[in-house]
Amino acid sequence: MSSRAVREAKWYEKLSDGKVRCRLCPWNCVLEPGRVGLCGVRMNREGSLFTLVYGLVSSLAIDPIEKKPLYHFYPGAPILSISTVGCNLKCPWCQNWHISRAKPEEALTEYLEPSMIVKLARRYDVPFVAYTYNEPLIWYEYVADTAKLVKQEGGFNVLVTNGHANPEPLEELLKYIDAANVDVKAFEPKTYLKIIGGKLENILESIKIMKEKDVHVETTYLVVPGINDNEEEFRKMVRWHIDELGPETPLHISRFFPAYKFADKNSTPTELLTKFWALAKSEGVYYVYLGNVPGHKGEYTFCSHCEKPVVKRMGFEIFEWNIEGGNKCKFCGATIHIRGERWRRSSRDFPLVF
Ligand code: SF4
């Protein structure tokens with residue numbers, strides 16, 4: 001692990017006896033000297049709080065933006081996706097547990113200055129950067145520095161996050177963030193506290209803050225059998241989504257596959273996913289999607305007015321586009337809530353200085 005990765009953290013206060021309190025996320029960990037927070041990447045060293053992962057990149061890839069998933073933000077765009085290690089939640093079904101549960105000193109990582117991320121994005125002509133795979137909010141200092149640089153260069157920043165942050169640091173970071181996909185992993189506070197290891201009310205608050213700050217938001221609800229697949233719980237989540245985020249905010253319902261401590265469980269039945277997809281639509285969410293169910297019509301965007309398919313997808317690929325003038329349904333002219341143009345490699349007139 002590079003010594004350059006250890007930097008004084010933001011958002012903490014010094015207490016008596018050399019202790020510190022981290023103020024980054026709702027756990028507000030109080031740490032004695034030598035101790036690491038619940039996220040595993042912030043440490044009290046001699047009475048000051050340090051991040052252990054500044055610039056430590058565990059994964060780097062260029063993904064389709066639909067993989068985040070974001071379906072209504074520059075559809076079809078490629079996005080440079082980076083991560084570090086650690087997490088401030090403890091989902092027992094985590095698909096990326098190899099990095100979310102890894103310790104900074106044990107993981108295979110590469111040290112990359114923020115300027116290197118910009119250089120890579122330029123080299124591959126990709127003006128979108130996602131902080132993803134593990135929880136980016138606990139990578140705060142590096143994400144903030146990188147995102148600031150990306151914005152200065154005319155690019156766009158995306159968070160794929162669990163939303164488990166305190167309002168003040170989140171608001172500060174959102175100055176540089178253009179879009180986010182936030183997981184709502186359950187809608188029962190007890191499930192969050194006992195199984196996921198987080199506080200639902202803080203997460204819901206984070207999503208509302210993002211909307212207030214005009215960040216483009218889409219949410220994801222991974223349906224895990226026996227955990228959050230109760231119909232009433234799902235309906236409550238959908239009603240909150242409509243009331244607080246608006247019916248035009250896309251909702252992704254995702255299929256669980258066995259992983260990590262849930263490696264012996266069954267995948268979510270597609271019948272249940274289809275039922276939830278129909279339920280969310282009938283409650284009034286305009287854009288409801290099914291994730292991890294390739295070939296299902298839940299991958300399509302339907303016009304909320306005439307109900308015709310305006311975007312057809314298979315996996316992360318768009319194969320039919322029936323939107324005109326940037327955001328109008330080709331069939332009836334109603335508005336389709338999409339931010340940014342459909343991305344095409346040949347769009348050299350795209351308004352970027354990147
Ligand atoms: S970010 Fe980490 S150290 Fe800080 S409060 Fe959250 S879990 Fe604790």
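Helix α4 (residues 167–174) packs against helix α6 (residues 200–212) with the axes 10 Å apart and an angle of about 30° between them. Helices here are DSSP runs of H or I with at least four residues, strands are runs of E with at least two, and both are numbered from the N terminus. Axes are lines fitted to C-alpha atoms, for helices over the stretch in contact, and angles run from 0 to 180 degrees between N-to-C directions. The angle therefore makes α4 roughly parallel to α6. Angles under 35 degrees count as roughly parallel, over 145 as roughly antiparallel, 65 to 115 as roughly perpendicular, and the rest as oblique.

On the α4 side the contact is made by Pro 167, Leu 170, Glu 171 and Leu 174, and on the α6 side by Glu 205, Ser 206, Ile 209 and Met 210. Two residues are in contact if their C-beta atoms, placed from the backbone, lie within 7 Å. By class, the contact of α4 with α6 holds five nonpolar residues, one polar and two charged. Ala, Val, Leu, Ile, Met, Phe, Trp, Tyr, Cys and Pro count as nonpolar, Asp, Glu, Lys and Arg as charged, and the others, Gly among them, as polar.

The model is a predicted one, in which local features need pLDDT of at least 70 and side-chain atom pairs count only at pLDDT 80 or more, while totals for chains, interfaces and linings use all residues. Residues are numbered from 1 along each chain as its sequence is written.

The crossing of α7 and α8 is right-handed. In this contact Phe 234, Arg 235, Val 238, Arg 239 and Ile 242 of α7 meet Phe 276, Leu 279, Ala 280 and Glu 283 of α8. The contact of α7 with α8 divides into six nonpolar residues, no polar ones and three charged.

Helices α2 (residues 114–123) and α3 (residues 140–152) pack with their axes 8 Å apart, at an angle of about 45°. This makes α2 oblique to α3. The crossing of α2 and α3 is right-handed. Pro 114, Ser 115, Ile 117 and Val 118 of α2 make the contact with Tyr 142, Asp 145, Thr 146, Leu 149 and Val 150 of α3. Six nonpolar, two polar and one charged residue make up the contact of α2 with α3.

Turning to the sheets, strands pair through backbone hydrogen bonds, either parallel or antiparallel. Three strands form an open sheet in the order β1-β6-β5, with antiparallel pairing. Its edge strands are β1 (7–8) and β5, each of which pairs on one side only. Two strands pair if DSSP finds at least two bridges between them. β1 and β6 pair over two bridges, with Glu 8 opposite Phe 50 in β6. β5 and β6 pair over four bridges, and Arg 42 stands opposite Thr 51 in β6.

The hairpin of β5 and β6 has two residues between the strands, and Glu 46 takes a positive phi near 50° there. Most residues other than glycine have a negative phi, and most peptide bonds are trans. Another backbone feature is the cis peptide bond that joins Lys 68 and Pro 69, with omega about -5°. Pro 69 is found in the loop between β8 (59–64) and β9 (78–83).

Another open sheet has three strands in the order β17-β18-β19, with antiparallel pairing. β17 (301–302) and β19 (317–321) stand at the edges with a single partner strand each, so one side of each is left without a neighbour in the sheet. β17 pairs with β18 (residues 309–314) over two bridges, and Thr 301 stands opposite Val 311 in β18.

The residues around the ligand are Cys 22, Leu 24, Cys 25, Trp 27, Asn 28, Cys 29, Gly 37, Leu 38, Cys 39, Arg 42, Asn 88 and Ile 138. A residue is near a molecule or strand if its C-beta atom, placed from the backbone, lies within 6 Å of it. This shell divides into eight nonpolar, three polar and one charged residue.

Key. A crossing is left-handed if the near helix is turned anticlockwise from the far one by less than a right angle, and right-handed if clockwise.
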